[in-house]
2 protein chains.
Amino acid sequence: MTESRATAEAVVAALGARGLTLAVAESLTGGLVMGALTEVPGASVVFRGGPVVYATDTKASVLDVDPVLLEARGPVDPDVADAMARSVRRRWRADVGLATTGVAGPSRQSGKPVGEVYVGVADAAGTVVHRVDLAAAGDRSAIRREAVELALAAVLERLGLAGEVSVG
Amino acid sequence: MTESRATAEAVVAALGARGLTLAVAESLTGGLVMGALTEVPGASVVFRGGPVVYATDTKASVLDVDPVLLEARGPVDPDVADAMARSVRRRWRADVGLATTGVAGPSRQSGKPVGEVYVGVADAAGTVVHRVDLAAAGDRSAIRREAVELALAAVLERLGLAGEVSVG
């Protein structure tokens, strides 16, 4: 997780400076975004927690993603990322909600290619969803690590820091 | 996460061979147990997901840990680990529930010393809670990594594999 450490520290510091809290809903990253955030001492001041909704049905049962949407388009979809981010913000009573969904590989999933990733960031003003193609990042492990970095960067961007969410 | 990779692969293989599913509730490990499990290709066959209940109040609101217990003894407690494991198994509809709670440091928490860690494993037969002292493992990061390894080993032990949960 060392490559995400600096970004995670920046997220914790930025949220702390603004008095904001964060909750996270993870699919393809499977806990690594929250793992990176909680590596930072004092993360508990800003980080509330959140669910790893790995099985598709848990996106509906644990968060409030529409089962019809999940059935029609599958879990790797911008509207699913949007719903996950909004739901985790509300259900976990945080100021900012962050969500990841995508295909880490090694195989295609629900008709979507390896490397297709969506990151959603929700706050009181609404939700921003980033679509990124991480196929060039490498294997399953590399795609997940890059998705963690992008998810953390998306929070910084939403807070008005660190220019853009770039594709690695 | 490389040190946990082999253990995570063994957990996924053992659950798969038995046709069992797993859900995980994490506190001090903050997502790293689930991050290790989902690093394994094909983990979705056995791994359903689970919550990182980092803020103490989320252990009551997202799982079913008794708020009176949390208030009286704090989140680092064997009965809290027991309740977390049972609750995540039931709420996330898995055959096996795994839970971690403890003090990663750098400071004491709720009167408990750095390195005091509880791991709970719940299945249809009941719950086993392991108490381990990881103070000698090193800093916050090392304590968390060791706790991840112990949590995964506790599942293997519960499945009748891999002798014992040893303290590193």
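**Close-up views of a predicted two-chain model**

**View 1. Strands 4 and 5 of chain B pair with each other.** Strand 4 (residues 116-123) and strand 5 (residues 126-133) of chain B run antiparallel and are joined by 8 bridges. Two strands are said to pair if DSSP finds at least two bridges between them. Strands (E, at least two residues) and helices (H or I, at least four residues) are DSSP runs, numbered from the N terminus. A hairpin of 2 residues leads from strand 4 of chain B to strand 5 of chain B. Within this pairing, B:Val117 has B:Val132 in strand 5 as its bridge partner.

This is a predicted model, in which local features need pLDDT of at least 70 and side-chain atom pairs count only at pLDDT 80 or more, while totals for chains, interfaces and linings use all residues. Residues are numbered from 1 along each chain as its sequence is written, and chains are lettered from A and ligands numbered from 1 in the order in which they are written.

**View 2. Helix 5 of chain B is mostly covered.** This helix comprises residues 78-91. Of its 14 residues, 10 are buried (20 or more other C-beta atoms, placed from the backbone, lie within 10 Å of the residue's own). Among them are B:Val80, B:Met84 and B:Val88, together with the charged-class residues B:Asp82, B:Arg86 and B:Arg89. After helix 5 of chain B comes B:Arg93, with a positive phi near 50 degrees.

**View 3. Strand 2 of chain A meets strand 2 of chain B.** The two strands run antiparallel and are joined by 5 bridges. In this pairing, A:Gly49 stands opposite B:Val53.

**View 4. Chains A and B each give 23 residues to their contact.** Residues are in contact if their C-beta atoms, placed from the backbone, lie within 7 Å. On the side of chain B that touches chain A, helix 2 (32-37), strand 2 (47-53) and helix 6 (140-158) each give two or more residues. Strand 2 gives the most, with 7 residues.

**View 5. A rotation of 180 degrees superposes chain B on chain A.**

Definitions and conventions:
Contact = placed C-beta atoms within 7 Å. Least-squares fit on C-alpha atoms with pLDDT ≥ 70 in both. Expected span 1.5 Å × (residues − 1). Buried ≥ 20, exposed ≤ 12 C-beta atoms within 10 Å, placed from the backbone.
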